[in-house]
Amino acid sequence: MIGAPQTRQISKLQRWAVLATVSVGLLMIVLDNSILYTALPTLTRELGATGSQALWIINAYPVVMAGLLLGSGTLGDRVGHRRMFLIGLVIFGVASLVAAFSPTAWVLIGARALLAVGAATMMPATLALIAVTFEDERERNIAFGVWGSLSTVGMAIGPIVGGSLLQAFWWGSVFLINVPVVIAAIVATLVLAPPNDPNPEKKWDLVSSIWALVGLVGAVLAIKELAHVPQNWALIVGAAISSGIGFVLFVRRQRRLAEPLLEFSIFRNERFTSGVIAASLSMFAVAGIQLITTQRYQLLEGFSPLGAGLLVAAAALGALPSSLIGGAILHRTGLRPIIVGGLAIALVGAVLILFGARTSLPLLVAGLVVVGIGTGFAMSVASIAIVGGAPPGREGMASSVEEVSYEFGSLTAVALLGSLVSFVYSMSIRVPFGAPDAARQSLPDALAVADAHPGLFDAAHLAYNTAYTVTMIVIAVILAVATAVTAWLLRTGDREAANVPVGV
């Protein structure tokens, strides 16, 4: 059982070494969500990927991972989390090799899906290994703070890593870099991690994960096609129906299972629900801001991939210290000031970015730093809020929900906000007479023919700036709603929640 007493004493040095090892694994998982933001224009060009293929190069990873995470936590309870972590590392390493040398866009999409299988296998184990390694409550809270900070920091430095590698190597290097890290993590896990502790009595339901995956894929496909001009309504309707069927069958199956992957009644716990909101919407904001900002400054301002990556990495400057502080002071403050205050700070940062993009690059950078500070605070304790709010015996389910929250936030940011940018751009651009209609489809298409059609560059520039502004307003509104909702959920105060023993 997760959180069971230790069978052998683990030294302080070994505890922090285990944290470093699983943190490396988590960092790889998170990096692969954002490392392609700066590499996508190069990938699209080198592989000749279509717009839909480019979407799935990005989205195949979070979609498959989110669909499998709910079940992988329970599977980890059954076979042991150390074993799951090792299996996930191996799958991740093999998939990275395939992705690095993919000859076509579809092979790369398949490799990204396999990467997601490896990530979903080891991600719940990272949290579980921390819980069984750290018995002291204060140390455990700090360790969870470090774990939470990596979600923000990893997203923030992903574009830097991708841009740096593209400066020196070919596009496959953004995947190949995983391989030596995987090998080192396998060795460290074998040497340092606590013994495997399986529980064969735990049930695992693959069918539920499949239905969740069907629902997510259908939803992402429908959203993307809705943003395409003109829309393929047959595809939209088919994807929406498939998504609805997948989600309905998932919900019905959960209600019949003795040990469901997701017990919906758990959302009645205000602490649990506030943690889910903080995790998912903080990641939504960070991923969305990074995606649209790196694209804007590469395509319109002439930034290199590395330059755009360094720009959005300003969020990491704020996220790392605030994440560590949040976990360290939780026992004094409780959840409410850190979660609600963090989301409110992120809202201020989003407003600064909104004005900075129009007026001043330093103001935009300051906004990114403030967003990082706010989301760092919120996510540093989201894990504790979610797992601490789970009923006895359902910690494994709660840890899976916690990880799905992060992935779902990233997934919906890419699908919804990426599609919103495309939709607003297509609706607002005024294509000059004689310019090809393809210029209406996307900014890269317009820039490709702008030299031959006077006025097209300015029209595309104006339309994309409008799309960027609208999307940033949406992000700010969502952060405002998240702040208000979590403040209401935790309105009675939750100081005692900081002292809830956490076992995942």
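This is a predicted model: local features need pLDDT of at least 70, side-chain atom pairs count only at pLDDT 80 or more; totals for chains, interfaces and linings use all residues.
A crossing of two helices is called left-handed if the near helix is turned anticlockwise from the far one by less than a right angle, and right-handed if clockwise. I start there since handedness comes up several times today.

Residues are numbered from 1 along each chain as its sequence is written, and side-chain values use heavy atoms, with hydrogens and water left out.

First, the overall make-up. The protein chain has 18 helices and zero strands; helices (H or I, at least four residues) and strands (E, at least two) are DSSP runs, numbered from the N terminus. Of its 504 residues, 58% are buried, meaning under 20% relative accessible area with a 1.4 Å probe, protein chains only; exposed is over 50%, and partly exposed is in between. Take the contacts, that is heavy atoms within 4.5 Å, between residues at least 6 apart in sequence: 84% of them join residues at least 24 apart.

Next, helix α5, residues 105-133. From first C-alpha to last, its 29 residues reach 41 Å, close to the 42 Å expected at 1.5 Å a residue; the expected span is 1.5 Å times one less than the number of residues.

A nonpolar core is a set of buried Ala, Val, Leu, Ile, Met, Phe, Trp, Tyr and Cys residues joined through side-chain atoms within 4.5 Å. The largest one has 133 residues, and Leu-36, Ile-57, Met-65, Phe-175 and Met-472 have the most contacts inside it. Helix α5 supplies the largest share of this core, 15 residues. As for Met-472, setting aside residues up to four places away in sequence, it touches Ile-289, Ile-292, Ala-350, Ile-353 and Leu-354.

Now helix packing. Axes here are lines fitted to C-alpha atoms, for helices over the stretch in contact, and angles run from 0 to 180 degrees between N-to-C directions. Under 35 degrees counts as roughly parallel, over 145 as roughly antiparallel, 65 to 115 as roughly perpendicular and the rest as oblique.

Helix α4, residues 81-100, comes within 7 Å of α5, axis to axis, and they cross at roughly 160°. That makes α4 roughly antiparallel to α5, and the crossing is left-handed. With helix α8, residues 178-192, the axis of α4 comes within 9 Å at roughly 165°, so these two are also roughly antiparallel. This crossing is left-handed too. Residues meeting there include Phe-85 and Leu-89 in α4, and Val-182 and Ile-186 in α8.

Helix α11, residues 270-299, and helix α12, residues 305-312, have axes 9 Å apart at about 140°, which makes α11 oblique to α12. Gln-290 and Tyr-297 of α11 are among the contact residues, as are Pro-305 and Leu-311 of α12. Their crossing is right-handed.

Last, two residues. Where is Gly-288? In helix α11, and buried, with a relative accessible area of 0%. Beyond its neighbours within four places in sequence, Gly-288 contacts Ala-413, Leu-417 and Ile-475. Ser-34 lies in helix α1, residues 12-34, and is buried, also at 0%. Between Ser-34 and Gly-158 there are 124 residues in sequence but 5.0 Å in space, C-alpha to C-alpha.
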